[in-house]
Amino acid sequence: LFLGRMFAEGKGFSVEIRNAIYRVSRAANNGSEKAKKELKLLKEIDEIKKIRKSAQLVSKTLGIMAKEIKPGITSLYLDKIAEEFILDNNAIPGFKGYNNFPNTLCISVNNQVVHGIPCDKPLNEGDIISIDCGVINDGYFGDHAYTFKVGEVTKEINKLLDVTKNSLYEGIDAMIENNRIG
């Protein structure tokens with residue numbers, strides 16, 4: 001979710017991944033020809049900047065969601081806030097209308113299957129809520145998801161969230177050119 005913050009703090013990434021993120025950022029910021037060649041880019045620097053801008057808007061949207069999540073609110077309420085924020089930032093909700101999807105966010109509560117449709121059922125203390133957000137900005141798509149706690153959760157749920165987050169980081173650390181798992 002907050003890739004930039006995690007990168008700045010040096011959390012969860014191997015040296016190789018941190019260096020790759022740094023090179024992409026450096027190349028995106030200064031357009032260096034050397035950095036372009038080093039990265040073997042499939043996209044031009046201007047395209048990467050636009051993708052990054054879309055992803056940053058998604059991160060900001062999810063950050064707003066984090067502040068709003070509490071027992072008693074509904075996922076439709078969160079969806080409305082997200083849509084207004086995205087539109088206010090001159091972007092388009094990326095999921096709304098895609099294959100007739102009716103909302104801005106995909107929201108799944110507890111063990112609901114991913115890509116759930118927001119509804120008017122209030123969230124309860126101890127729930128977890130996964131929010132997937134997509135944004136189209138200047139023709140480029142940003143998309144990511146995060147699972148949030150609703151109030152206090154059980155030890156088991158905390159462990160589940162810790163294990164899944166650590167699994168993500170281990171997967172990122174294993175993401176090395178020509179690496180195979182399994």
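Modeller: The structure holds zero disulfides, a disulfide being a pair of cysteine sulfur atoms within 2.5 Å. This is a predicted model, where local features need pLDDT of at least 70 and side-chain atom pairs count only at pLDDT 80 or more, while totals for chains, interfaces and linings use all residues. Residues are numbered from 1 along each chain as its sequence is written, and side-chain values use heavy atoms, with hydrogens and water left out.

Colleague: Is Cys133 buried or exposed?

Modeller: Cys133 is buried, at 0% relative accessible area; buried means under 20%, exposed over 50%, partly exposed in between, with a 1.4 Å probe and protein chains only. Cys106 is buried too, at 6%.

Colleague: What is Phe95 in contact with?

Modeller: Leaving aside neighbours within four places in sequence, its contacts (heavy atoms within 4.5 Å) include Cys106, Cys133, Gly134 and Phe141. Phe95 and Gly134 are 39 residues apart in sequence, but 6.0 Å apart C-alpha to C-alpha. Phe95 is buried, with a relative accessible area of 11%.

Colleague: Where does Phe95 lie?

Modeller: In the loop between strand S1 (92-93) and S2. Strands (E, at least two residues) and helices (H or I, at least four) are DSSP runs, numbered from the N terminus.

Colleague: What's the overall pattern along the sequence?

Modeller: α-α-α-α-α-β-β-β-β-α, from six helices and four strands. Of the 182 residues, 35% count as buried.

Colleague: Which residues touch the most other members of the largest nonpolar core?

Modeller: Ile69, Leu78, Ile129 and Ile131, out of 20 residues. Helix H4 (45-68), helix H5 (75-88), strand S2 (105-109) and strand S3 (128-137) each give two or more residues to this core. Such a core is a set of buried Ala, Val, Leu, Ile, Met, Phe, Trp, Tyr and Cys residues joined through side-chain atoms within 4.5 Å. Beyond four places in sequence, Ile69 is in contact with Leu78, Ile129 and Ile131, among others.

Colleague: And what lines the second largest pocket?

Modeller: The lining has 13 residues, with Val109, Gln112, Cys119, Lys121 and Leu123 nearest the centre. On a 1 Å grid over the protein atoms alone, a pocket is an open set of points where a 1.4 Å probe fits, with protein on both sides within 12 Å along at least five of seven lines; lining residues have an atom within 4 Å of a point.
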